[in-house]
Amino acid sequence: VFDASEGLRAQDLHIIGIALEASTGLVVCGNKWDLVEAAYDRGRFLASVRRRLRFATWTPVIVLSALLRQGLDDLLNEVVAAAAERRHRVQTAELNAVMRRALGSRPAPMVGRRRLKLLYITQPETEPPTFVFFVNDASLAPQSYRRYLENSLRGAFGYRGTGIRLIFRTRGEG
């Protein structure tokens, strides 16, 4: 929750970053909308908040006025939806098909003379949704490519409002 009259501040972004590291469910809420409603267009305000949250585009953003009890239903609906997304399980065959398509459309970058090769992927846990990628060598997966794979998972299966974990294991690793 942040104060809409002050906008999304550095401290708010820091707290959001902590939530992201913990792979929690996350809904960003701007309270006190009644104080700024006359001065701001709602769509533009939400767009400016989403620009600041470009590192977590999957995060729902809600504005409300707790004082006037406006927007509370929207907030509760997003929280309930995020909780449901955290429990979403995807079958291994479906995961592998989606990831093979993602790797086919954008192959992993070369690291020296080697390239990341996906053996298979599985989802051993929910809450938070955790995906284990079994690969030829985990050190061949740069952070930018991991983000691409996360975005591919989100594009195929949703996970709106919840953090997910990606774990890369080298072949033969326990």
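# Exercises: salt bridges, a sheet and its cores

Glu78 and Arg160 form a salt bridge (a side-chain nitrogen of Lys or Arg within 4 Å of a carboxyl oxygen of Asp or Glu), and their closest N and O atoms are 3.0 Å apart. This is a predicted model, where local features need pLDDT of at least 70 and side-chain atom pairs count only at pLDDT 80 or more, while totals for chains, interfaces and linings use all residues. Residues are numbered from 1 along each chain as its sequence is written, and side-chain values use heavy atoms, with hydrogens and water left out.

## Exercise 1

Work out which parts of the chain the pair Glu78 and Arg160 ties together.

Step 1. Find the elements, which are DSSP runs numbered from the N terminus: helices (H or I) have at least four residues and strands (E) at least two. Glu78 belongs to helix H4 (residues 72-86), whereas Arg160 sits in the loop between helix H6 (143-157) and strand E8 (165-170).

Step 2. The pair therefore links parts that are 82 residues apart in sequence.

Step 3. Look at accessibility, where buried means under 20% relative accessible area, exposed over 50%, and partly exposed in between (1.4 Å probe, protein chains only). Glu78 counts as buried at 18%, and Arg160 is partly exposed at 42%.

## Exercise 2

Step 1. The structure holds five salt bridges.

Step 2. Because they are four residues apart in helix H6, about one helical turn separates them. Both Glu150 and Arg154 are buried.

## Exercise 3

Step 1. E6 and E7 run antiparallel and are joined by five bridges. One example is Ile121, whose bridge partner in E7 is Phe133.

## Exercise 4

Find the residues with the most contacts inside the largest nonpolar core.

Step 1. A nonpolar core is a set of buried Ala, Val, Leu, Ile, Met, Phe, Trp, Tyr and Cys residues joined through side-chain atoms within 4.5 Å. The largest one has 24 residues, and Met99, Phe131, Phe133 and Leu153 have the most contacts inside it.

Step 2. Helix H5 (92-105), E6, strand E7 (130-135) and H6 each give two or more residues to this core.

Step 3. Take Met99: apart from residues up to four places away in sequence, Met99 touches Leu118, Ile121, Phe133, Leu149, Ser152 and Leu153, where contact means heavy atoms within 4.5 Å.

Step 4. A second, separate core has 18 residues, among them Phe2, Val28, Val49 and Trp58.

Methods: Two strands pair if DSSP finds at least two bridges between them.
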